[in-house]
Amino acid sequence: MSIQQTKSPLPELRSFPEGTPDRGGAKISSKLNIGLFGFGVVGESLYKVLNENTSLNAQITKVCIKHPEKKRNAPAELFTTNAADILQDENINVIVELIDDADAAFEIISAALKSKKAAVSANKKAIAEHLPELLSLQKEYQTPFLYESACCASIPVIRNLEEYYDNDLLQSISGIVNGSTNYILTRISEDGLDFNKALELAQQEGFAESNPALDVEGIDAVNKLTILLTHAYGIVSSPKAIVHTGIHKLNEQDAVYAKEKGYEIKLVAQAKKLDDGKVAAFVLPQFVKKDSQLYNVRNEYNGVVIESGLADKQFFYGKGEGGFPTASAVLSDLSALRYDYKYEYKKLYNQQPAVLSNDFYLRVYVSFDALFQVPHEIFDRIDEWASNNKRCSVTGVLHISKLTESNWWRDNNTSLVVLPEAFTNHTPKKKREFQPEQELVFG
């Protein structure tokens, strides 16, 4: 599949219903004629739903695929390997992009917006890595581009941030936004599996890809957080600018520590407005206490906690993986196009956007193989240290710069987990001396 085969300027749609108000950009006709890119688990689920439910008055007109030799549960005439068959079809007024290739996805979305065809995408990597360009294209061509399915699948987080929290009172957003890693951590916690066996099971169940790096290394989660930051705080950032890691560095002794403390380990994406108005953001494993809404989010489910100045904390919960949950979000976007809905990015365009902060302190737990492997001077405060014949650990407070300016916490079989009360208004003071002879044994 290549969109390089497009040979001429893409046509502008002209078949709009009478009486449609002229607000600029694409208008959706009385029927959604969909050009679909990709027919994997989500694409096939969407096809089934649209075939079984005609109330939306939408149909998939053509599907562009990469491997025509694969057998598919749809008529052969529905498929093409030529992107131009969709992008240059004047009867197609909506492009739905559901492919894995982020670069190709960006090209498809760009071509759709330039042709004033509404676009829907689930490709969080393409969106996060090309946010500035995609924002510019939406503004220039005044064309709807919706991507609720790119963040948390069945949970309508983006729409809520756009509409319900379209004010400056949002204090924080934190959540489990990757169902694959949450499934793996659940199997480790509940079944006592090691990481590799839990990962293999996640792959067998279809919750993790054959190459799971995007999930287990935290890349998928930080891509989603990058997108959410734009809708929550008007921050347009690169995923690379946000501190992140996944669950691949966790050690079995971390799970022992968590059980002794009554914690669960979750991969949490979070952003918090600080006292100076700036926003701290990161994706890191975190110990979660029983009184947290995220504690009982298990298996492939996602959970998001949004805190505002007036409404306090609100919790959103739903499946974060699977064909039908993701297809449900795509379907919601298609339904929204019926009334010419588009993201307004109010925090970005109508308010003073917030900025990311690199000046805050975190409470963390760090475990490692050998004494003195992690220099104690990286901590502004050490609260507890422990060691046994299997593992050493330190809990304390450190400045975020200790993570952004060095890779010590990614190297030498070191694991880092944020403590439940992650943020602290720490005032630097004299450090406690590290005294290895005061050994605490856990496990």
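Of the 443 residues in the protein chain, 55% are buried, where buried means under 20% relative accessible area, exposed over 50% and partly exposed in between, computed with a 1.4 Å probe on protein chains only. This is a predicted model, in which local features need pLDDT of at least 70 and side-chain atom pairs count only at pLDDT 80 or more, while totals for chains, interfaces and linings use all residues. Residues are numbered from 1 along each chain as its sequence is written, and side-chain values use heavy atoms, with hydrogens and water left out.

Among the contacts in the chain with a separation of 6 or more, 74% are accounted for by residues 24 or more positions apart, a contact being heavy atoms within 4.5 Å.

**The cores**

Select Val96 and Leu334 next, the residues with the most contacts inside the largest nonpolar core, which has 99 residues; a nonpolar core is a set of buried Ala, Val, Leu, Ile, Met, Phe, Trp, Tyr and Cys residues joined through side-chain atoms within 4.5 Å. Apart from this core lies another, of 25 residues, and Leu274, Phe368, Trp385 and Val418 are among them. Returning to valine 96, and leaving aside its neighbours within four places in sequence, you will find it in contact with Ile34, Gly35, Leu36, Phe37, Leu46, Val120, Val330 and Leu334.

**Helices H1 and H12**

Now show helix H1 (residues 41-52) together with helix H12 (residues 323-337), whose axes come within 8 Å and cross at roughly 60 degrees; axes here are lines fitted to C-alpha atoms, for helices over the stretch in contact, and angles run from 0 to 180 degrees between N-to-C directions. That angle makes H1 oblique to H12, since angles under 35 degrees count as roughly parallel, over 145 as roughly antiparallel, 65 to 115 as roughly perpendicular and the rest as oblique. The crossing of H1 and H12 is right-handed, a term used if the near helix is turned clockwise from the far one by less than a right angle, with left-handed used if anticlockwise. On the H1 side select Val41, Val42, Ser45, Leu46, Lys48, Val49 and Leu50, which meet Gly323, Phe324, Thr326, Ala327, Val330, Leu331 and Leu334 of H12. The residues of this contact of H1 with H12 divide into 10 nonpolar, three polar and one charged, where Ala, Val, Leu, Ile, Met, Phe, Trp, Tyr, Cys and Pro count as nonpolar, Asp, Glu, Lys and Arg as charged, and the others, Gly among them, as polar.

Move on to helix H3 (residues 102-114) and helix H5 (residues 131-141), whose axes come within 9 Å and cross at roughly 15 degrees, which makes H3 roughly parallel to H5. Their crossing is left-handed, and the contact is made by Phe106, Ile109, Ser110, Leu113 and Lys114 of H3 with Glu133, Leu134, Leu137, Gln138 and Tyr141 of H5. These residues of the contact of H3 with H5 divide into six nonpolar, two polar and two charged.

Next select phenylalanine 145, which has its place in strand E6 (residues 145-146) and is buried, with a relative accessible area of 1%. Leaving aside its neighbours within four places in sequence, phenylalanine 145 is in contact with Ile109, Leu113, Ala119, Val120, Ser121, Ile127, Leu134, Gln138 and Tyr343. From C-alpha to C-alpha, phenylalanine 145 and valine 96 are 9.8 Å apart in space and 49 residues apart in sequence.

**Helices H7 and H8**

Display helix H7 (residues 179-191) and helix H8 (residues 195-204), which pack at an angle of about 130 degrees with their axes 9 Å apart, an arrangement that makes H7 oblique to H8. H7 passes H8 in a right-handed crossing, in which Tyr183, Ile184, Arg187 and Ile188 of H7 meet Phe195, Ala198, Leu199, Leu201 and Ala202 of H8. The residues of this contact of H7 with H8 divide into eight nonpolar, no polar and one charged.

For the last stops, select alanine 221 in helix H10 (residues 219-233), a buried residue with a relative accessible area of 3%. Its contacts, leaving aside neighbours within four places in sequence, are with Val177, Leu267, Ala269 and Val283. Valine 256, found in helix H11 (residues 252-261), is partly exposed, with a relative accessible area of 28%.

Note on methods: Helices (H or I, at least four residues) and strands (E, at least two) are DSSP runs, numbered from the N terminus.
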